[in-house]
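This report covers a ligand site and the way the chain divides into domains. The sequence and structure come first.

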Amino acid sequence: MRMGLGLPSPVPFSVARVRAPKDMASQLTALNDWVDEVARLTQPDAIHWCDGSEAEIRALTAQMEADGTLIRLNPETHPNCWLHRSNPGDVARVEKLTLVCTPNREDAGPNNHWEDPAAAHARLDALFEGCMKGRTMYVIPYCMGPIDSPISRCGVEITDSPYVVANMRIMTRMGTPALARIEREGTFVKGLHSTGDLDPDRRWIVHFPEELTIKSIGSGYGGNALLGKKCHALRIGSFQAKREGWLAEHMLIVGIENPQGEVHYIAAAFPSACGKTNLAMLIPPEGYRKAGWKVWTIGDDICWMTPGEDGRLWAINPEAGFFGVAPGTSEHTNPNAMATVSRDTIFTNVAVTADNQPWWEGLPGEPVTDWQGRPYDPANGPAAHPNARFTVSARQCPTWSEHAEAARGVPISAIVFGGRRPSLVPLVFEARDWAHGVLVGAAMGSETTAAAAGAVGVMRRDPMAMKPFCGYNYGDYFAHWLSFDRAGMQLPKIFHVNWFRKGADGKFLWPGFGDNLRVLEWIIDRCTGKAGAEETPIGLLPRMEDLDLAGLDLDAAALATLFEVDADGWRGELEAIGEYLDGYGERLPQRLREEQQRVATALGASNEAAIAVAG
Ligand code: TSX
Ligand code: MN
């Protein structure tokens, strides 16, 4: 056992407080033993097992209000809404402090930072030693996914942060029912978290996929501290999925209901700052609305998909809430999100108005206090932190689908990849088959925005939007994706979209938002064999007449650009994709390389290549 580290063994508080509730204790030996071990290491003053009840959250909230962790927002306009201000040096995920520790370095791959598991445990445990002195340790049993779904997986997060408890209660199925499922299954992901001293030099988010274990210290921020989300549902989840034959993906899930009442489900992966939450809650254009089209939200961030007996991929949203970026969210961009966060919401690092309403850039009105609690002064930068968040139950979303609770999940008709591509990439195209679709996903990328650290306006590849979240070697991950193409499967079709194409004047050519439904309609009609397309070397594109553009005033030049395939530009792109894939070396599946060469060949040799050969 690694956590002992020769620390004094007697538990400094009564054993009764360390145990799971009595009626469940018999089957929970592994959990109890782990909680004992962690308590010996971290030395909390008290241990609280979270049951997820109303009384529990009321007491915790009162305590956090009393000590300033939570600030009550205007109860008239925002009932039961709270503001949390994080440490200003702890406002986002940090990739260089995020490690994947597999025994063999190659298994983590060039896409992850790696450390030897034994060394990482020793280093981390030294930081955890005594870190909960004077604090309460919370034991949070949670279930990712509907509590009765065979696709769901459970975990237990131990934390010393009541803010984490309040967020986990919204984002997961937390408490007694999850503990009962853990008792039944006898297996769970172990997540140990402490805010520590918030020193960035002692901050680590470390994954041990083969031990189904996460250790996170030194950060109270969402993605680093709410271990069910990125750490469990994506990094550990993707590893479990590879082992068990399913997919854990960074995708929204949306249901599109046509006027005949048929619903088709689409799973879509986009890098950050592309509007995943907005697409998941899209409001149809007026003509579509009047005709009877409806949009149903299943999830806005994570999708777990598994082959059903019918060979289709069935998907659940492992989360129960939205942990969404606030800035930019407004009545124009996402009225459903605005309605969702009007009550029972935790806001993190937003600004506030004179009458104590939450405020961020993109909203009407004006801030008086910024995210750090200072009087607002534009000289200090934006009033809300660009990564300010809302945490809210998905059930409050007006478009929330009852099928989000379905144990078997929803069947996925189409998988959509996308990114911010100001040039070259058309509005939409369809991959010719699964292997081509996997290449499209592996090659996807996005132009960086000011929302993230680093240079702005450069193209970053982010395969399947999983770059920061794939818990194992990307080469093996592409092979896993390819492995679904086998006898008996009825796989979704794969598409690529680009809402962000710009004209020569630098303006966006496509109106986006609700009008994206026009593209989703074509995608669904392709899946049901109702819509036409034109074959090109890069895939199948709609012809102008295949897309319903009624009521849009797009000029002919804009349309031509949105649907053009610039063979010369694409030859360069395929060359860049080839070089990028080479970076994955030995583990890159040959099939993916062949697919890249097939598309490159279909585009014909580039002029440069021809000249090089001639020379
Ligand atoms: O979320 C976006 N989506 C998906 C919506 C369902 N955004 C916001 C991205 C930041 C998170 C978009 N921005 C989209 C989009 O489809 N498209 C654009 C680009 C754009 C921005 C502003 C306009 C148009 C396009 N404004 C006007 O046309 C007035
Ligand atoms: Mn995400």
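## Polar contacts of the ligand

In this predicted model, an oxygen atom of ligand 1 sits 2.9 Å from a polar atom in the side chain of Asn516. The side chain of Asn278 also takes part, with an N or O atom 2.8 Å from an oxygen atom of ligand 1. Phe513 contributes through its backbone: a polar atom there is 3.0 Å from an oxygen atom of ligand 1.

On its own, ligand 1 has 640 Å² of accessible area, and the protein covers 65% of this.

## The shell around the ligand

Ligand 1 is surrounded by 14 residues. Gly275, Asn278, Gly512, Phe513 and Asn516 are the closest of these. By class, the shell consists of nine nonpolar residues, four polar ones and one charged one.

## Domains

Three domains make up the assignment. Domain 1 takes in 22-69 + 90-245, domain 2 takes in 249-320 + 402-605, and domain 3 spans 321-393.

## Domain 1 against domain 3

The centres of domain 1 and domain 3, taken over C-alpha atoms, are 27 Å apart. Contact between the two involves 12 residues of domain 1 and 13 residues of domain 3.

The size of an interface is often expressed as the accessible area lost when the parts come together. Between domain 1 and domain 3, about 980 Å² is buried, and carbon and sulfur atoms give 64% of that area. Five residue pairs are in polar contact between domain 1 and domain 3, counting pairs with both residues at pLDDT 80 or more. The number of salt bridges between domain 1 and domain 3 is zero.

Technical notes. Residues numbered from 1 in each chain as written. Chains lettered and ligands numbered in written order. Predicted model: local features only at pLDDT ≥ 70, side-chain atom pairs only at ≥ 80, totals over all residues. Heavy atoms only, no water. Near = heavy atom within 4 Å. Polar contact = N/O pair within 3.5 Å; in protein donor to acceptor, adjacent residues only side chain to side chain. Areas by Shrake-Rupley, 256 points an atom, 1.4 Å probe, with all protein chains shown as cover. Nonpolar A, V, L, I, M, F, W, Y, C, P; charged D, E, K, R; others polar. Domains from an automatic or database assignment. Contact = heavy atoms within 4.5 Å. Buried area = accessible area lost by both parts, 1.4 Å probe. Salt bridge = Lys/Arg side-chain N within 4 Å of Asp/Glu carboxyl O.
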